[in-house]
Amino acid sequence: MIEMSDPFEHTREMFHMPQGVIYLNGNSLGPLPQRAPAAMTRVARDEWGEMLITGWNKAGWMAQPVAVGDRLGRLIGAEPGHVVLGETLSIKVYQALAAALELRPERRVILSDTGNFPSDVYMAEGLIRSLDRGHELRVVAPEDVESAITDEVAVVMLTDVDYRSARRHNMWAITAKAHAAGALTIWDLAHSAGAVDVHLASAKADFAVGCTYKYLNGGPGAPAFIYVAPRHIAEVSPALSGWLGHADPFAFDPSYRAGTGIERMRVGTPPILALAALEAALDIWEDVDMQALYSASTRLSQAFIKGIEAACPDLTLASPREPELRGSHVSFEFEHGYGAMQACIAEGVIGDFRAPDIMRFGITPLYLNDDDIARAVEIIARVINEGLWDRPEYKTRAKVT
Ligand SMILES: *Cc1c(COP(=O)(O)O)cnc(C)c1O
């Protein structure tokens with residue numbers, strides 16, 4: 001066998017990892033970039049502390065949501081100037097959906113799939129109720145999405161990589177099909193951004209949204225992002241018409257006028273301390289080639305699947321076997337999945353559990369290598385095969401799983 005050198009050896013040291021932990025949960029909350037605490041301290045002490053209110057101009061705080069949007073936009077194949085940061089992902093889903101529906105006023109159907117994340121669906125339900133114009137949320141199986149795109153559909157709203165199974169949609173094919181039927185697309189990139197190579201512009205996506213605390217390592221509660229295709233932005237009339245999306249916030253006009261370009265998707269005051277942490281994370285991403293990252297993720301994922309399947313016959317692969325149909329996490333079904341994951345965590349392998357019986361493992365090459373995967377397989381196999389999951393302390397469920 002040829003020893004392949006790890007193309008991400010240099011990024012491994014850029015993260016803080018507690019002693020003895022193999023972290024297979026970067027798809028829920030990425031680990032701390034080593035330089036994030038100092039970056040946050042610097043902004044707090046030198047900018048907030050010394051500049052006070054003048055920081056909005058002097059330190060460039062007000063321009064940060066779009067500037068950071070451009071840094072992130074490169075990782076998802078967006079045109080410069082078409083991504084902005086702010087609020088949380090649920091809010092960005094609402095904004096994108098409201099905008100898309102307004103661009104297709106004569107149509108009433110929002111098409112989604114059963115693999116979508118609950119919050120996305122809940123936001124759609126709430127928006128439909130507020131609009132009160134007879135919109136219908138039509139939810140089909142992921143494999144039926146393409147055939148369900150009819151000329152009734154206003155917008156196809158999907159999460160690119162399924163949060164449970166990691167099944168990945170074909171963004172090109174679905175977007176093309178949607179456009180041919182006169183519909184728009186919204187892609188939720190929560191499990192794609194920083195995980196797989198995404199090409200929003202070349203796939204002709206209309207809208208995209210995502211969070212930055214998962215694969216992008218921006219920290220708990222880090223701001224979300226929204227992308228609007230250049231061909232639509234001038235037509236978008238923001239439903240969440242907050243003052244920072246106004247053309248001239250400090251004119252304090254009595255009524256709203258949408259800002260120029262992607263600025264209009266801003267809502268309120270940006271989270272400057274959180275953006276400082278996110279920028280420290282994006283420094284690490286600066287030299288990362290997404291294609292190389294995805295290849296490394298595929299290689300590690302294949303090794304992980306192979307190892308688990310050989311060692312743990314009681315676990316059933318719940319992710320597509322073909323790497324090209326998968327995002328960057330791997331899931332297994334196990335009847336006693338909750339207890340098993342608690343036992344894995346106690347043994348130093350952190351993944352997560354998704355009801356009803358999914359053990360989910362994020363594969364993140366920036367700080368995981370072949371040795372970690374091999375050790376994780378050993379530990380998981382011990383938990384499963386020696387029945388460590390059956391201990392009484394793993395029977396009660398915590399609030400966050
Ligand atoms: C993680 C995730 C969310 C979470 O939304 P927040 O508003 O950031 O809490 C929403 N949608 C998808 C698809 C997710 O994976």
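**Cavities, pocket and ligand**

Visitor: How much space lies in the largest cavity, and which residues are closest to its centre?
Guide: About 70 Å³ of space lies in the largest cavity of this predicted model. A cavity is a set of points, on a 1 Å grid over the protein atoms alone, where a 1.4 Å probe fits but cannot get out; a volume is the space filled by probe spheres set on the points, which are joined across faces, edges and corners. Lining residues have an atom within 4 Å of a point. There are 14 of them here, and the closest to the centre are Gly194, Tyr215, Trp285, Thr364 and Leu366.

Visitor: What do the numbering and the values rest on?
Guide: Residues are numbered from 1 along each chain as its sequence is written, and side-chain values use heavy atoms, with hydrogens and water left out. As this is a predicted model, local features need pLDDT of at least 70 and side-chain atom pairs count only at pLDDT 80 or more, while totals for chains, interfaces and linings use all residues.

Visitor: Where does the ligand sit?
Guide: A pocket is an open set of grid points with protein on both sides within 12 Å along at least five of seven lines. A molecule sits in one if more than half of its atoms lie within 2 Å of its grid points. The largest pocket has a volume of about 510 Å³, and among its 29 lining residues Ser28, Lys214, Asp352, Arg354 and Arg360 are the closest to its centre. The ligand sits in the largest pocket.

Visitor: Which element gives the largest share of the lining of the largest pocket?
Guide: Helices (H or I, at least four residues) and strands (E, at least two) are DSSP runs, numbered from the N terminus. At least two lining residues each come from helix H5 (89-103), helix H6 (118-131), helix H13 (337-346) and strand S12 (352-354). The largest share, 4 residues, is from H13.

Visitor: Which residue joins Pro356 through a cis peptide bond?
Guide: Most peptide bonds are trans. Pro356 lies in the loop between S12 and strand S13 (358-362). With omega at about 5°, the cis bond joins Pro356 to Ala355.

Visitor: What is the phi of Glu87 near?
Guide: Glu87 is found in the loop between strand S2 (83-85) and H5. Its phi is positive, in a residue other than glycine, and is near 55°.
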